[in-house]
Structures are given as C-alpha cells and as structure tokens.
Amino acid sequence: MDHVPMADLRAQHARIRGEVDAAIARVIDSTAFIKGEDCVQFEKEFAAWCGAKAACGVANGTDALILCLRAYGIGPGDEVVTVANTFIATGEAILLNGARPVFVDVDPATFTMDAAQVEKAITSRTKLVLPVHLYGHPADMKPILDVAARHGLPVLEDAAQAHGAELDGRRAGTLGHAACFSFYPGKNLGAYGDAGMVVSNDADFVARVRQIANHGGGDNKYDNVVLGTNSRLDTLQAAVLRVKLRHLDAWNDERRQRAEAYTSALAGTPSVVLPRERVGARSAWHLYTLRVKDRDGLQAHLKAQGIVTAVHYPRPIHLQPAMAAAGGRPGMLPVSETLCREVLCLPLYPELPFEAVERVAAEVRSFCAAPVARA
C-alpha cells in the first residue's frame with residue numbers, strides 16, 4: 001500500500017535542485033546574508049508578480065501581520081474586525097498590538113469572511129478590517145471594501161495561503177490597502193525556513209513597515225526614529241524564493257488540475273460537500289478542503305489506508321485559551337464552529353500523481369457510501 005503524504009517538499013526540490021544550489025552558492029560567495037541583493041530583487045519581483053507597487057520582506061507571516069498593525073498605529077483600545085476560522089496568527093497579531101479582535105462568521109461555501117456581517121461589527125473603536133483568504137480562496141472583497149470605505153477604514157488582506165489567488169482578474173495582494181504573505185515551507189510559495197512579505201500599492205505604508213521591521217531606523221543605521229524590532233527577510237531565503245517564484249504560475253496550474261480531478265472524482269459522493277469557487281474568484285488551491293459529517297471517521301479510514309490528511313482548523317480561534325481576552329464564547333460563530341468539526345484537507349501538491357488523486361477519492365467514496373450509521 002503506497003503512502004500518500006499531504007505534501008512532498010522533496011519532490012518539489014528535486015525539480016529545482018540545480019537552480020536552488022546555484023542561488024544559495026551565490027549568496028554564500030557574496031557573504032551578504034542580511035539585506036543582500038537577493039532581498040532587494042525578490043521584493044521587486046514578488047510585488048510585480050502580485051501586480052503591486054511595493055513590498056517589504058520580513059522574517060515570517062506572523063510578523064507581517066504584527067508589523068502592518070503597528071504601521072497602521074493600532075494599539076490599546078482599538079478593535080479589528082476579522083474571522084475566527086483561521087490560523088491563530090491572525091488574532092494573535094491583533095492582541096500582541098494591544099488591540100481587540102472582533103470576530104464575524106464566515107460563508108460556509110468558501111470558508112471566508114461573511115461580508116454581510118461586517119457592518120454590524122464596526123464600532124467607534126474599529127480601526128481596521130482584516131479578511132483572510134483561506135485555503136487559497138479569496139474573501140468576498142468588494143462588499144467588504146464597500147463597508148470599510150463607508151466607515152473610513154483600511155482593509156488588510158491576510159493572504160498567507162493565497163499566493164496567486166485572484167478576484168475579478170486581480171491577484172491577492174492588490175485587493176485591499178495592503179496584504180500579508182507567509183512563505184512557510186508548505187505554502188504554494190514556500191521558503192526553506194521562515195519568511196514573509198508585506199505588499200501594497202501604498203509605497204509610503206510599505207516604507208513605514210520596513211522602518212519598524214529594521215529597529216525603527218532612519219537613513220543612518222544608528223538613527224532609530226521609532227520604536228521598532230528586528231524582522232528582516234533572510235537573504236538565503238530570498239534567493240530560494242526567487243527561484244521558486246519563476247515556477248509558481250506553473251505549480252499553481254498543477255494544483256488546480258489536481259483539485260479539478262478531485263472534484264470530478266468526488267462529484268455526487270453522499271454526505272460530502274466539495275469546495276467551490278465563488279463567481280469571479282480563482283483559488284490558488286493551497287488546500288483541497290471538503291466537508292463531511294463524520295470527519296474523524298473518514299480521517300481515520302484514510303489514515304488506515306496510508307493516506308495523510310489534515311484538519312485546518314480543529315478549533316476556531318475565538319475558542320482558543322490564548323484568545324480569551326477577545327471575549328469569545330461557544331455558539332457565537334455557528335458556521336465557523338461547525339466547519340471546525342467537519343473540514344478535512346486532502347493531499348494536494350503540484351507533484352501529486354493523478355493515480356494518487358483517484359486512489360484518495362476512491363477511499364473517500366468507499367467510506368461515505370458504506371451503509372454504516374455514523375454520528
């Protein structure tokens with residue numbers, strides 16, 4: 001029985017080994033390990049790839065969120081409207097800046113912010129709206145932006161899972177005022193360690209982020225203008241990411257092909273709700289996430305067959321002990337709480353053999369069609 005992993009970074013590296021080796025050697029030979037030329041060039045290249053005017057590389061995706069909130073001047077007493085159906089970093093960044101996350105529920109079809117709930121969540125203390133492009137699918141940005149504009153609020157995209165996601169022909173990173181990306185190794189565009197990026201068409205905002213990320217420095221290295229921190233993109237990671245960026249469009253196409261193969265193979269399967277794209281949206285297919293009532297039973301069945309799956313996420317962040325200061329309580333976000341009991345992510349990566357897709361789908365069909373009473 002062949003093992004089917006969730007992702008296979010070795011297979012990806014094998015395709016680009018020569019290019020990566022040369023890029024790493026170039027950095028080592030230069031000894032410019034901090035703020036090297038590859039950092040400068042990757043910022044330009046990734047901004048252009050997104051269709052944005054400016055970008056600032058940072059140490060990781062969580063720092064990208066924290067730094068952006070600081071650049072907006074968000075702090076104690078302020079509120080940020082966001083979602084709980086996300087990774088902890090989204091809410092964590094808000095609390096770490098002394099502000100309070102105000103959670104709204106999500107659309108059950110796309111797992112992203114329910115735009116209809118944003119208006120009622122806004123108060124006199126609201127300073128920002130923070131939608132999340134989850135699993136690679138962009139949030140419903142137009143109505144979110146409309147509400148935010150009426151209240152004079154910026155919209156920051158959490159695009160950590162959305163490298164190449166599109167809405168009406170525009171890529172994530174250009175849909176709001178600014179966007180935060182993670183290059184965690186398992187992302188569509190993943191580093192060989194931690195790395196992140198802030199992207200915006202507002203070059204002045206990106207400059208503020210860069211200043212805070214580099215100890216609040218001014219033109220002179222030892223002129224510290226504002227209180228900052230150390231969150232710089234490593235030159236070695238930038239060099240690796242530059243190589244990978246050249247392949248990203250092709251890799252995203254390969255992800256889409258496998259997602260479409262899953263959808264075709266699983267169509268009509270009893271009790272399974274398949275992921276789908278909103279009209280005008282194009283997912284980056286970071287994850288292929290289905291919904292099934294007996295999620296735990298299906299996951300156990302697939303594991304027994306050597307198929308690795310994942311749950312993103314088993315608990316909405318408003319119910320995480322670390323987020324207690326936000327005042328979350330069970331039942332306040334019924335869709336998010338239901339999704340956390342039902343979602344299951346199937347293996348999906350560019351190198352996944354189509355035979356493996358069919359095998360995974362066959363096991364899902366077999367389990368879900370079995371005449372066994374399940375809770």
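The model is predicted, so local features need pLDDT of at least 70 and side-chain atom pairs count only at pLDDT 80 or more, while totals for chains, interfaces and linings use all residues. Residues are numbered from 1 along each chain as its sequence is written, and side-chain values use heavy atoms, with hydrogens and water left out.

Let's start with helix α2, residues 37–50. (Helices are DSSP runs of H or I with at least four residues, strands are runs of E with at least two, and both are numbered from the N terminus.) With 14 residues, α2 reaches 20 Å from its first C-alpha to its last, close to the 20 Å expected at 1.5 Å a residue; the expected span is 1.5 Å times one less than the number of residues. Buried in α2 are D38, C39, F42, E43, F46, A47, W49 and C50. They cover an arc of only 160° around the axis, which puts them on the same side of α2; the arc is that of the directions from the helix axis to the C-beta atoms. The face turned away from this buried side carries the exposed residues E37, K44 and A48. (Buried is under 20% relative accessible area, exposed over 50%, and partly exposed in between, with a 1.4 Å probe and protein chains only.) Just after α2, G51 takes a positive phi of about 90°.

Next, look at α9 (residues 295–304) and α11 (residues 354–369), which pack at an angle of about 130° with their axes 10 Å apart. Axes are lines fitted to C-alpha atoms, for helices over the stretch in contact, and angles run from 0 to 180 degrees between N-to-C directions. The two helices α9 and α11 are therefore oblique to each other, since angles under 35 degrees count as roughly parallel, over 145 as roughly antiparallel, 65 to 115 as roughly perpendicular and the rest as oblique. G297, L298, H301 and L302 of α9 make the contact with V360, E363, V364 and F367 of α11, where contact means heavy atoms within 4.5 Å.

Finally, the loops. Between α9 and α10 lies Y313, joined to H312 by a cis peptide bond with omega of about 20°. Y135, in the loop between β4 (126–129) and α6 (141–150), has a positive phi near 60° although it is not a glycine. Y135 is buried, with a relative accessible area of 4%.
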